[in-house]
Amino acid sequence: MTFLVPLLVLVPLLGAAVALGLLRHQRIQRAITVAVLVVALAVAATLMVLVDQHGTIVVQVGGWEAPYGISLVVDRLSALLLTVSASVLLVVLLFSIGQGLAADDSEAPVTIFYPTYLVLAAGVLDSFIAGDLFNLYVAFEMLLVASYVLITLGGSEQRVRAGTTYIVTSLIASAIFLSAIGLVYGATGTVNIAQISERVAGLPDHVQLLLHTMLLIGFGIKAAVFPLAFWLPDSYPTAPAPVTAVFAGLLTKVGIYAIIRLETIIFPSPDLNGVLLVVATLTMVVGVLGAVSQTDVKRLLSFTLISHIGFMVMGVGLGSVAGTAAAVFYTVHHIVVQTTLFLVSGLMERIGGTTSTRSLGGLLKAAPLLAALYLVPAFNLGGIPPFSGFIGKLGLFRAAAVDGSPLAYVTIGAGVVTSLLTLYALMRVWDAAFWRPKPAAEPAAPHAAVAEPHETLRAPEPAPVTVSETDGSVLAGGSVTVTDAPDASGASRSDTGSIEKARLPRMMVGVTTVAVLGSVALTVVAGPLYGYATRAAQSLESPVQYVQAVLGERP
């Protein structure tokens, strides 16, 4: 079944090429993109089962034996993240279809959304199967190019400014990573991860420390750890809700995955474990303090994203099987829950015309279902029992208690404080947006069926557009003209600006409901999932298994 592994990258790239050639046929583009991600999910799930039963699967591209060729490696860790990532990519795509994100626009070529999204998917999936550092770098660059296009979709000044910050920071991270790859090759004569693991122990200590630190900084920027996360709160919230959701769910986790590989396969020594625990503590505390000071829902969620990255780094920094297993479990939990919360914020913006808690209000009366959809993942992210967030944090705290060092206990304290403040910040949003009445002095902004509230999309003469009342997507050709019109969601407003009722697009609500149920399902299957994460951590405990799988048995 080794032929399945390259399909994870080839199918999305081929799908992107076909979709790019069908810019005038959005329905076909849409069908191709959905079909590609369904195939990717099926392949990833199949590999997850096969790897757990039969061990690591390795493909040497072109028949060139390692370390001379490109190695694609799927073990339990990568198979698990492949499956979760493919699921999230599919769910977010369906949400974006419901929102009508990919409708024609004469000012912003949003028909490129589908091919760009598939390139992003290829980059994410390639990151998890890369068996050498240069292939990992190529995957990062695919992510960078695609994410820059998506983050600036619509061409507004705010998005271009945010995209500039994002791409400059990402280019710096890429430059550091590429420089580190050059130094690694100069020191070891290879970029194959398995062979690096064999040869790095023979290097002088100061060379090992230099290479380790440079790679950790490059991956740390991608993962948005403190103090390298300054770019994230200003970049993610400006993008459309589906783009922000997939960015928050997956892009930082690619960095976390790279850090796990770095600390378990390439440099399994505990030299920087203390540094990682300090970084984890600061990331948790600084991130959550940023969250409690926000009045915009998307910015608040962006800061909680940073703070909870600290939990994953904490597990890695403990340097034990229990810590790594808890970090893997928490990574899966956070991908699903954080993505779900950003999808819910997109629905909140659709009804209220804004994500500012100063202007939102009355959403509990306007959309009771939306109130429930927000509350469940909010409790989960806050770590309320018995949700998966509580299970993951409990696993991390137990691993830290077993470690027993003073720094580990400080990290436990930081984790408890972060959990409480996360819950406080999310419940404050609940109070402002759902429970209290809408402020009478500040009327809601008009909302478009397809565009973001701050965007103006102009139509070429005289192309009409029909907008579906069921899913909010564009049904007939042309572009969209947005004027001061009633809320497209079906909400009616009183003279004071309060929302009396709302009819949300069925497809968007249905997809978000599935995402919420998926986050609840993590609790239901927490036992088997934690067991899988533990087996993945055990296989990472010693790099010998990985090295033998890639390079074969050595005499």
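A residue is called buried here when its relative accessible area is under 20%, exposed when that area is over 50%, and partly exposed in between, with a 1.4 Å probe and protein chains only. By that rule Lys 298 is buried, and Glu 349 is buried as well.

The model is a predicted one, in which local features need pLDDT of at least 70 and side-chain atom pairs count only at pLDDT 80 or more, while totals for chains, interfaces and linings use all residues. Residues are numbered from 1 along each chain as its sequence is written, and side-chain values use heavy atoms, with hydrogens and water left out.

Side chains of opposite charge can pair when their charged atoms come close. The structure holds five salt bridges, a salt bridge being a side-chain nitrogen of Lys or Arg within 4 Å of a carboxyl oxygen of Asp or Glu. One of them joins the side chains of Lys 298 and Glu 349, at 3.3 Å from N to O. Lys 298 lies in helix H12 (residues 297-318) and Glu 349 in helix H13 (residues 321-352), so this pair ties together parts that are 51 residues apart in sequence; helices (H or I, at least four residues) and strands (E, at least two) are DSSP runs, numbered from the N terminus.

Another salt bridge is formed by Arg 261 with Asp 75, whose closest N and O atoms are 2.7 Å apart. Arg 261 sits in helix H10 (residues 241-266) and Asp 75 in the loop between strand E2 (71-74) and H3, so that distant parts of the chain, 186 residues apart, are linked. Both Arg 261 and Asp 75 are buried.

At 23% relative accessibility, Asp 52 counts as partly exposed. Asp 52, Arg 76 and Arg 535 are linked in a network of salt bridges.

Helix H3 (residues 76-99) also packs with helix H18 (residues 506-524), at an angle of about 160° and with the axes 8 Å apart. H3 and H18 are therefore roughly antiparallel to each other, a term for angles over 145 degrees. In the contact (heavy atoms within 4.5 Å), residues of H3 including Val 91, Leu 94 and Phe 95 meet residues of H18, among them Met 507, Met 508 and Val 511.

Key
Axes fitted to C-alpha atoms, helices over the stretch in contact; angles between N-to-C directions. Parallel < 35°, antiparallel > 145°, perpendicular 65-115°, else oblique.
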